[in-house]
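Subject: Structure handover

Hello,

Here is the structure I said I would pass on. My notes follow below it.

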Amino acid sequence: MRRLGAVTVAAVAVAGLLAGCGGEDRNWAKNCETTANQVIECDPANRPTVAAITGELLDGGSYELASDIGKVVVVNFWGSWCAPCRAEADDLEKTYQATKAKNVSFIGVNNRDDRDSAINFERGRVTYPSLFDPAAEMAIKFDPTQASTPGTLILDRQGRIAVAIRRATTLGELQPLVERVAAEGNP
C-alpha cells in the first residue's frame with residue numbers, strides 16, 4: 001500500500017510538471033503585448049524558444065533552423081490556395097530585400113498544398129526558400145499556438161519568437177518590426 005502511494009505521488013508530480021511545461025508553451029503570448037492591430041510583441045525575457053526545426057524545401061533541398069541562429073529569421077506560413085497569401089507576397093519579398101543586409105533571413109512554410117502549385121505560386125513572387133509542409137505540421141513545431149495561414153513569426157537572433165502576426169501583413173507593418181528586432185543585437 002505504501003509503495004502504491006509513492007507511485008501515485010510520483011505520477012501526480014510528473015503530470016504536474018508536464019502540464020506546466022505544455023501550458024506555458026501553449027500560452028506564451030499571454031506574457032507579451034498584443035497591439036491594437038493584433039500583433040503580438042514580446043520583450044526578450046518573455047520570448048519562447050522555437051524547437052529544432054528541420055525540413056524539406058520546395059526545391060528538394062533541406063533546411064535547419066539551427067543554421068540561422070545568429071540571424072533574425074522571418075517565418076511566413078502560406079499556401080497557394082490562400083488569397084491573402086497572394087496579397088502579402090510582394091510585401092514579404094520587398095521586406096526581405098530591404099532587410100537581408102542586416103543579417104535577416106526569410107523562410108516560407110508552405111502548407112496544405114501540392115508541390116507543383118506551391119512552386120508555381122512562388123515563381124516570380126519571392127526569392128527566399130520555403131519549407132514544403134503538405135500536412136501542416138511545421139506551424140505547430142514553430143509555435144504550438146500558430147494555426148493561421150497566412151501568419152508570420154519574427155524570430156530573434158537566439159531563435160526565440162519576438163513577434164507573431166496571425167493574419168496577412170504589409171510592408172508598412174512588417175519591415176519596421178523586422179528592423180526593430182534586427183537592431184536589438186547586430187553582430
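Which cysteine forms a disulfide with Cys 32? Cys 42 does, and the two sulfur atoms are 1.9 Å apart. A disulfide here is a pair of cysteine sulfur atoms within 2.5 Å.

Before the rest, two remarks on how to read the values. This is a predicted model, in which local features need pLDDT of at least 70 and side-chain atom pairs count only at pLDDT 80 or more, while totals for chains, interfaces and linings use all residues. Residues are numbered from 1 along each chain as its sequence is written, and side-chain values use heavy atoms, with hydrogens and water left out.

Overall picture

The protein has 5 helices and 9 strands; these are DSSP runs numbered from the N terminus, with helices (H or I) of at least four residues and strands (E) of at least two. From the N terminus on, the order of elements is α-β-β-β-β-β-α-β-α-β-α-β-β-α. Of the 187 residues, 45% are buried. Buried means under 20% relative accessible area, exposed means over 50%, and partly exposed is in between (1.4 Å probe, protein chains only). The accessible surface is about 9600 Å², and 55% of that surface belongs to carbon and sulfur atoms; the areas come from the Shrake-Rupley method with a 1.4 Å probe, and for residues only the protein chains shown count as cover. Among contacts (heavy atoms within 4.5 Å) with a separation of 6 or more, 67% are between residues 24 or more positions apart.

Disulfides

The count is 2 disulfides, and their pattern is 1-2, 3-4, with bonded cysteines counted along the chain. In the pair of Cys 32 and Cys 42, the torsion about the S-S bond is about 95 degrees, so this disulfide is right-handed. The pair links distant parts of the chain: Cys 32 is in the loop between helix H1 (2–26) and strand S1 (33–34), and Cys 42, 10 residues apart from it, is in the loop between S2 and strand S3 (54–56). Cys 32 counts as buried because its relative accessibility is 14%, and Cys 42 is buried at 4%.

The other pair is Cys 82 and Cys 85, with sulfur atoms 2.4 Å apart. Its S-S torsion is about 80 degrees, so it is right-handed. Cys 82 is buried with a relative accessible area of 3%, and Cys 85 is buried at 2%.

Thr 95 is in helix H2 (residues 83–99). Why does Thr 95 count as buried? Its relative accessibility is 0%. Beyond its neighbours within four places in sequence, Thr 95 is in contact with Phe 106, Leu 171, Leu 174, Gln 175 and Val 178. Between Thr 95 and Glu 173 there are 78 residues of sequence separation and 9.8 Å from C-alpha to C-alpha.

Helix H5 (residues 171–183) has 13 residues and reaches 18 Å from first to last C-alpha, close to the expected 18 Å; the expected span is 1.5 Å times one less than the number of residues. Among the buried residues of H5 are Glu 173, Leu 174, Gln 175 and Val 178. What covers the buried residues of H5 includes H2, strand S5 (72–78) and strand S6 (104–111).

Strands S6 and S7

S6 and S7 run parallel and are joined by 4 bridges; two strands pair if DSSP finds at least two bridges between them. Gly 108 stands opposite Ser 130 in S7. From S6 the chain crosses through helix H3 (residues 115–122) to S7, and this β-α-β crossover is right-handed: with the strands pointing away from the viewer, the path from the first strand over the helix to the second runs clockwise.

In a regular strand the side chains alternate between the two faces of the sheet. Both faces of S7 are covered, with Ser 130 and Phe 132 buried on one side and Leu 131 and Asp 133 buried on the other. Asp 133 has a relative accessibility of 6%. Its C-alpha is 5.5 Å from that of Asn 110, 23 residues apart along the chain.

Backbone details

The peptide bond from Thr 149 to Pro 150 is cis, with omega near 0 degrees. Pro 150 is in the loop between helix H4 (138–142) and S8. Arg 112, not a glycine, has a positive phi of about 50 degrees and is partly exposed at 45%. Ala 136, also not a glycine, has a positive phi of about 55 degrees and lies in the loop between S7 and H4.

Regards
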